[in-house]
2 protein chains.
Amino acid sequence: MIGFALKKMPPSRILLLVFVVAIFVGSFLLLLPAAVTPGNKIGYLTSIFTVTSAVCVTGLTVVDVSKVFSPFGQSVILFFIQLGGLGIMTFSSILFMMIGKRITYHEMKILKEDLNAENTGEIVQLVKRLVMIVFTIEIIGTIFLTLEFLKEMPFKKALLFGIFHSISAFCNAGFSLFTTGLEGYSGSVIINLTIALLIILGGIGFAVISSFISYYKTKKKRFNLSSKMVLRISTILTLGGMVLFFALEYRNPLTIGKMNFFHKIMASFFQSVTTRTAGFNTVPIGSLTPGTIFLFCVLMFIGASPGSTGGGIKTTTFGVIMVYVVGIVRGQEDIEISNRRITWQILNRALAILVISVAYVSTIILIMLMTDHLGFSETIFEVISAFGTVGLSMGVTADMNEFSRILIIITMLIGRVGPLTFALALGEQSKKKERKYPKENILIG
Amino acid sequence: MIGFALKKMPPSRILLLVFVVAIFVGSFLLLLPAAVTPGNKIGYLTSIFTVTSAVCVTGLTVVDVSKVFSPFGQSVILFFIQLGGLGIMTFSSILFMMIGKRITYHEMKILKEDLNAENTGEIVQLVKRLVMIVFTIEIIGTIFLTLEFLKEMPFKKALLFGIFHSISAFCNAGFSLFTTGLEGYSGSVIINLTIALLIILGGIGFAVISSFISYYKTKKKRFNLSSKMVLRISTILTLGGMVLFFALEYRNPLTIGKMNFFHKIMASFFQSVTTRTAGFNTVPIGSLTPGTIFLFCVLMFIGASPGSTGGGIKTTTFGVIMVYVVGIVRGQEDIEISNRRITWQILNRALAILVISVAYVSTIILIMLMTDHLGFSETIFEVISAFGTVGLSMGVTADMNEFSRILIIITMLIGRVGPLTFALALGEQSKKKERKYPKENILIG
Ligand SMILES: [K+]
Ligand SMILES: [K+]
């Protein structure tokens with residue numbers, strides 16, 4: 001019966017259901033006495049908040065994970081990070097694969113939202129390959145991190161820290177076992193590079209990683225348009241964010257102002273990579289200049305690439321919309337990217353995501369400003385961070401009232417599932433109307 | 001020659017050209033020694049800033065208009081307010097009329113951007129009628145305001161103040177001859193109601209006013225979809241803004257906290273009406289709560305209705321997009337408003353305006369935060385206020401550096417002309433491409 005109901009469900013609803021069930025189960029595990037260190041106790045809302053943050057790979061926390069949770073509790077969190085990261089990557093990669101096939105074989109069925117039997121074998125292959133690649137990358141990351149942590153902690157602890165931060169980084173989760181995040185390691189080249197590389201690989205998406213592997217194996221297969229766009233936009237955003245961060249914070253003594261030149265560049269690179277969705281920080285976020293806060297809000301909102309562990313409206317959505325805007329200004333008829341035309345369906349999907357995201361985020365910010373006592377920039381930053389599943393905070397997460405915490409929990413979930421997918425999951429099934437209303441124009445703008 | 005060149009120009013470019021010429025001429029007039037009071041002197045940038053603010057009916061000022069400018073200077077400002085208000089109203093009403101005709105007679109030519117001979121007679125009629133209605137409303141407004149001002153100033157001054165504030169209110173300009181705007185009159189019922197009514201009439205657009213007049217004359221003609229939508233959205237925004245403002249500022253002693261209940265409601269109503277584009281204030285903006293600041297940013301961004309003296313992305317644009325979002329969530333195929341279908345051209349125009357506006361405003365905010373020393377909320381508020389030609393400010397207009405002032409001048413102009421119209425005016429003429437690129441899909445969001 002349940003199997004039958006699941007088969008008739010659109011994938012968007014299944015995805016949402018999986019997340020909700022995971023949060024439900026996880027929150028009970030974290031409520032077990034064994035999950036916290038002696039003398040600590042957490043409430044139900046804190047438990048839900050933490051698990052949602054883990055499974056949505058966000059990284060916002062209302063308590064200090066390194067102190068409040070026992071090794072068992074931390075393992076539960078790590079498990080849900082891995083589950084969330086793998087889950088969303090698998091789901092969107094399957095969608096990606098299906099879209100890719102549809103284009104080639106039967107263009108008319110683009111984005112038809114059901115998995116049919118003919119794909120099953122291929123999907124099993126894809127998932128196997130994905131899991132293997134993910135574990136390989138995470139193990140390599142663990143080795144590097146553990147070797148570095150060994151310099152200042154015993155082997156067992158260094159290994160635990162290595163595993164935790166490798167998974168957390170690859171899944172773009174941003175959870176850390178250090179109270180001040182990675183601020184203590186802003187000078188360590190190994191930590192910076194390893195974590196940044198894990199974040200980039202996790203945030204670039206499985207399809208692009210696959211394309212790379214195929215390319216080096218066969219030297220033949222060309223990159224498809226999505227992969228090209230992901231690489232191009234990711235590079236622009238990472239370098240652009242790095243240069244702007246460097247310029248904005250150059251003289252700020254509370255962040256990178258007192259570092260030497262090389263150290264400044266490394267910190268800027270790291271912070272640019274991590275802000276788009278991972279959420280680690282090597283500089284204190286609350287001390288950033290207003291310009292950097294705004295820059296971070298924009299980067300967090302854009303986020304990572306589709307088919308990845310990252311959040312936000314996605315690099316491709318941003319890219320299509322930018323090309324659209326340039327096209328309007330130039331008076332072009334079609335939207336063109338590297339000698340390919342983008343269909344109106346794709347453009348409309350991108351615009352729908354942008355509009356729904358802006359509307360949703362604005363509404364939550366307004367409600368939270370009305371019902372809580374946090375500041376203007378702090379609230380905007382926190383909501384966008386939750387929505388982009390980034391997890392950076394200007395330090396107000398623990399100060400929020402209960403209602404705000406519930407809003408942030410919902411926002412993390414919606415940000416993770418994707419606002420459009422969320423809307424489709426909850427919405428009624430689209431059905432053809434029998435009669436159409438007559439058209440009438442409206443004067444716009 | 002020039003006549004011929006103008007005839008071949010798209011109306012969007014003519015509109016932009018008219019504004020630029022007006023700013024050029026006006027800035028010279030304000031630089032005349034007679035334009036300022038003895039002992040005062042203004043630079044070229046200040047002169048351009050003031051005239052741009054006047055002709056774009058924005059109301060942001062870097063100097064105190066009531067003290068720095070002589071009666072002659074104030075008359076120049078008033079002249080350009082009237083010119084800007086009438087100009088934009090005429091331009092968009094002609095467009096409105098043409099769109100209305102096209103729908104009925106030849107649907108295919110929607111939005112074709114040239115005025116042809118057959119329309120000329122009708123346009124002359126429309127402009128005559130528009131000017132007559134505007135002057136009638138402004139004269140009635142002047143009478144009420146003058147009678148009220150007479151209570152505390154001599155007749156000549158009261159009349160000057162009456163004329164100035166009547167035109168400034170109807171044109172949604174927000175310029176005032178009082179140093180603290182209308183803060184001194186927050187308790188006056190006559191001033192509040194007269195100004196609010198002038199703002200509403202100016203902001204609701206000529207087409208709607210015409211529809212009303214026709215309705216009461218003939219009792220027959222039904223409102224078209226645009227007019228219905230304008231009325232509905234304007235009512236929702238005004239009442240919604242009023243209720244939220246009332247709730248947010250109820251206890252704020254620096255704004256309405258110390259007023260009595262009736263006084264509180266009146267101030268909330270007035271501030272809600274004026275924030276969407278007029279820019280008068282009866283409460284000090286710098287003392288508002290963070291929630292109200294955010295609410296105001298949203299209201300200023302949405303703005304007034306098309307075919308009006310107001311700015312912003314316009315009520316109809318906002319309305320179409322909201323209906324679109326609800327439609328997606330509900331899984332509807334068509335966008336329907338009161339038993340009418342909205343065409344995809346209209347939706348795409350609305351989305352284009354929204355996207356371009358968000359992109360433009362975000363970019364200017366980021367640049368200004370990077371290059372000036374103003375605060376996070378102050379900068380966001382100032383840029384949106386300029387873009388929506390609102391003119392409210394958290395009190396930093398005079399503190400901006402020269403570069404920021406230039407940015408604000410450009411933003412007022414773009415906000416006034418409309419970002420899409422501006423893009424079309426500057427953009428190359430759209431031409432058919434000979435060969436189309438092949439289509440390719442992109443994974444979105
Ligand atoms: K994260
Ligand atoms: K104004």
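Colleague: What conventions apply to the numbering and to the values?
Modeller: Residues are numbered from 1 along each chain as its sequence is written, while chains are lettered from A and ligands numbered from 1 in the order in which they are written. In this predicted model local features need pLDDT of at least 70, side-chain atom pairs count only at pLDDT 80 or more, and totals for chains, interfaces and linings use all residues, with side-chain values taken from heavy atoms and hydrogens and water left out.

Colleague: How many helices and strands does chain A have?
Modeller: Helices (H or I, at least four residues) and strands (E, at least two) are DSSP runs, numbered from the N terminus. On that basis, chain A has 17 helices and two strands.

Colleague: What percentage of the residues in chain A is buried?
Modeller: Buried means under 20% relative accessible area, exposed over 50%, and partly exposed in between, with a 1.4 Å probe and protein chains only. Chain A comprises 445 residues, and the buried fraction is 59%.

Colleague: Of the contacts in chain A between residues at least 6 apart in sequence, what share joins residues at least 24 apart?
Modeller: A contact means heavy atoms within 4.5 Å. Among the contacts in chain A that join residues at least 6 apart, the share joining residues at least 24 apart is 71%.

Colleague: Which element gives the largest share of the nonpolar patch on chain A?
Modeller: The surface patch includes F135(A), I139(A), F155(A) and I190(A), and its residues together have about 980 Å² of accessible area, by the Shrake-Rupley method with a 1.4 Å probe and, for residues, only the protein chains shown as cover. The elements that give two or more residues to the patch are α6 (117-149) and α7 (155-170) of chain A. The largest share, six residues, comes from α6(A).

Colleague: Is F155(A) buried or exposed?
Modeller: F155(A) is found in helix α7 of chain A. Its relative accessible area is 51%, so F155(A) is exposed.

Colleague: How far apart in sequence are the parts that the pair of F245(A) and F296(A) ties together?
Modeller: Rings of Phe, Tyr and Trp (its six-membered ring) pair if their centres lie within 6.5 Å; planes under 30 degrees apart count as stacked, over 60 as edge-to-face and the rest as tilted. F245(A) and F296(A) form a stacked pair, 5.8 Å centre to centre with 15° between the planes. Because F245(A) lies in helix α10 (residues 225-249) and F296(A) in helix α12 (residues 290-302) of chain A, the parts tied together are apart in sequence by 51 residues.

Colleague: Which helix of chain B holds G241(B)?
Modeller: At 4% relative accessibility, G241(B) is buried. Leaving aside neighbours within four places in sequence, G241(B) is in contact with I236(B), S272(B), L295(B) and L299(B). The helix that holds G241(B), residues 225-249 of chain B, is α10.

Colleague: How many disulfides does the structure hold over all chains?
Modeller: A disulfide is a pair of cysteine sulfur atoms within 2.5 Å. C297(A) is buried at 6% relative accessible area, and C297(B) is buried at 5%. Over all chains, the number of disulfides is zero.

Terms used:
Patch = residues over 30% accessible without salt bridge, like charges linked within 9 Å, V, L, I, M, F, W, Y side chains within 5 Å. Salt bridge = Lys/Arg side-chain N within 4 Å of Asp/Glu carboxyl O.
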